[in-house]
Amino acid sequence: MTAVARLPWDHVPAPPAAVPGFDVERVRADFPILKQPAHGHQLVYLDNAATAQKPKAVLDAILRYYEHDNANIHRGVHYLSERATQEYETARKVVQGFLHAGRASEIIFVRSTTEAINLVAQTYGRVHVGRGDEVLITAMEHHSNIVPWQLLCEEKEAKLRVAPINDEGELILEEFEALLGSRTKIVAFSHVSNALGTVNPVAQLIRRAHARNIPVLVDGAQAVPHMAVNVEDLDCDFYAFSGHKMYGPTGIGVLYGKTALLDRMPPYQGGGDMISSVSFEKTIYNKLPHKFEAGTPDMAGAVGLRAAIEYVQRLGLDAIAAYEHELLSYATEKVAEIPELRLIGTASQKAAVLSFVMNGVHPHDIGTILDQEGIAVRTGHHCAQPVMQRFGVDATARASIAFYNTKEEIDRLAAGIEKVREVFG
Ligand code: C6P
C-alpha cells in the first residue's frame, strides 16, 4: 500500500483541475456497477435522482479510510484519532470549496438533505416561527421540504403557504412574490425539482425574499450533482444536499448555513462532541460546526463525499452540465415522437429528469416492462405527491440522467417505451 498524502489542518484543498473534454466511455469505466447485465440485457441505469452510482475513487477512499485511518474523531490524542480527525475536517473544507462557502464552520455534516431541512425547521424554525406566522414553500417540493415545515407549523400554530406552479411545472414568480408578507418567517424551495426537473431561478427568488428580510433555505439535493453551486453568490441562508445523489456514499449529507444564523440557533440534538462542558446544572455548547454534530459522525461517509466531490471537480461541473443538457434534449426529442406519452414537467430550464405518463398504462407497468429490458427507472409519486395532484396523476415513470449515461442508453429507453406500447397497444 502506498502512503496516503496528508493535508495540513487549516488548508482548503484546491479543487483538482478539470480534465478538458468529456469522454463518456472513459467515465463509465470508473463505475464498476454499470458493467453488469440485468434480466439478460446490459444494465441501463436511469434512476440517478433516487441515488447515483459511485465511482471507484469513492469506493477506494472509503476502503482506504477503514484500512488506514479509522478511529473516533475529536476525542483521542493518539495517532490514528488525529489522522481520522484530519481526514474528516479536510472533507469539510473540500465541501466548503465545493459550495464556495466563506468558512468551513458553516458546513454541518448531517445524514442527508432530509436531516438538514429538519435541523433548520426544528432549530431556526422553532425559535423564529410563532403563532400566526407563515412559512412559504412551493408546489413542487419533495416531501422532505414539506413535512418538516408542516410539523413546525402544527406545533407553533403557524401557517404553511404554498407558491403555485404553472402547467409547465415552473414557479409562478408573481404569486411567489405576492405570498411574501410581514408574517413570512422563512422561505424554503428546491433548486431543482426531483419530480419535474424544473430548475428554479434561485438567485432571483432569494433576492425577492431578502428584500423583505426573510431568510431562505434551498434544497439542493437534485442540483449539486448537475451544476456548479456558489452559496455566497446565491446569498442563500441555508443550502442542503445529500452525498448519495452526488456520487458519494449514503448516510452523509450537508447543511450549509450562514454563521450569523447558525450561531444564534439552538442545537438540534444533544450528545457527545456538541458540548464544550457539561454539568448537571448547565451545559455549554461547542462552537460551530460541532454544536450541530452530536455523537460520532459518519467519518467514512465524509471521506467518501470528499472523494466524490473531487471526482466531479476533475470532470468539471460545467462539462457535466453541458453533456447532461445535450442528453436531456436528445431524450426529450426522442420521447416527444412517441404517441400517447405525456411529459410531466416541461419547464424551459430543466435538468436531468424526464417524468412521463402514458395513456391507459399504469406507470408501475411501464417500470416493470422497462426493467425486463434491463432499464432502471423510478415509478410512483417520487415523494412529491402534491406535484402529482397538481398534474392530475397518481404517479409517473421517471428516467433521471447522470453524466455516465449515453445516447445509446436513451435509444434503449425509447425502444423500451415502444415495447410498452406494443404490450398495451
Ligand atoms: N429524492 C428521488 O427519487 P434524502 O432522502 O434525504 O437523501 O433526499 C431527500 C430529497 C430532498 N429533496 C429533493 C429535491 C429530493 O429529490 C430528495 C430525494 C429521491 O427523487 C428519493 S425520494
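Visitor: How many Å is an oxygen atom of the ligand from an N or O atom in the side chain of N194?

Guide: The distance from an oxygen atom of the ligand to an N or O atom in the side chain of N194 is 2.7 Å. That is a polar contact, a pair of N or O atoms within 3.5 Å; within protein, one must be able to donate a hydrogen and the other to accept it, and residues adjacent in sequence count only if both atoms are side-chain atoms.

Before going on, note that this is a predicted model, in which local features need pLDDT of at least 70 and side-chain atom pairs count only at pLDDT 80 or more, while totals for chains, interfaces and linings use all residues. Residues are numbered from 1 along each chain as its sequence is written, and side-chain values use heavy atoms, with hydrogens and water left out.

In D219, a polar side-chain atom lies 2.5 Å from a nitrogen atom of the ligand. For H142, an N or O atom of the side chain is 3.4 Å from a nitrogen atom of the ligand. The ligand taken alone exposes 510 Å², and the protein buries 89% of that; the areas come from the Shrake-Rupley method with a 1.4 Å probe, and for residues only the protein chains shown count as cover.

There are 17 residues around the ligand, and T114, D219, Q222, S242 and R378 come nearest. Near here means that one of a residue's heavy atoms lies within 4 Å. By class, the shell holds nine polar, four nonpolar and four charged residues. Ala, Val, Leu, Ile, Met, Phe, Trp, Tyr, Cys and Pro count as nonpolar, Asp, Glu, Lys and Arg as charged, and the others, Gly among them, as polar. The ligand lies between domain 1 (79-313) and domain 2 (317-424), because both give residues to this shell; the bounds come from an automatic or database domain assignment.

R378 leads on to a sheet. The bridge partner of R378 in β17 is R398. Strands are DSSP runs (E, at least two residues; helices are H or I, at least four), numbered from the N terminus, and two of them pair if DSSP finds at least two bridges between them. β16 and β17 (residues 396-400) run antiparallel and are joined by three bridges. They belong to an open, antiparallel sheet of four strands in the order β13-β14-β17-β16. β13 (341-344) and β16 (378-380) each have a single partner strand, so one side of each is left without a neighbour in the sheet.

Another open sheet has seven strands with mixed pairing, ordered β4-β10-β9-β8-β7-β5-β6. Its edges are β4 (107-110) and β6 (159-163), each with a single partner strand. Five bridges pair β6 in the parallel sense with β5 (residues 134-138), and I137 stands opposite V162 in β6.
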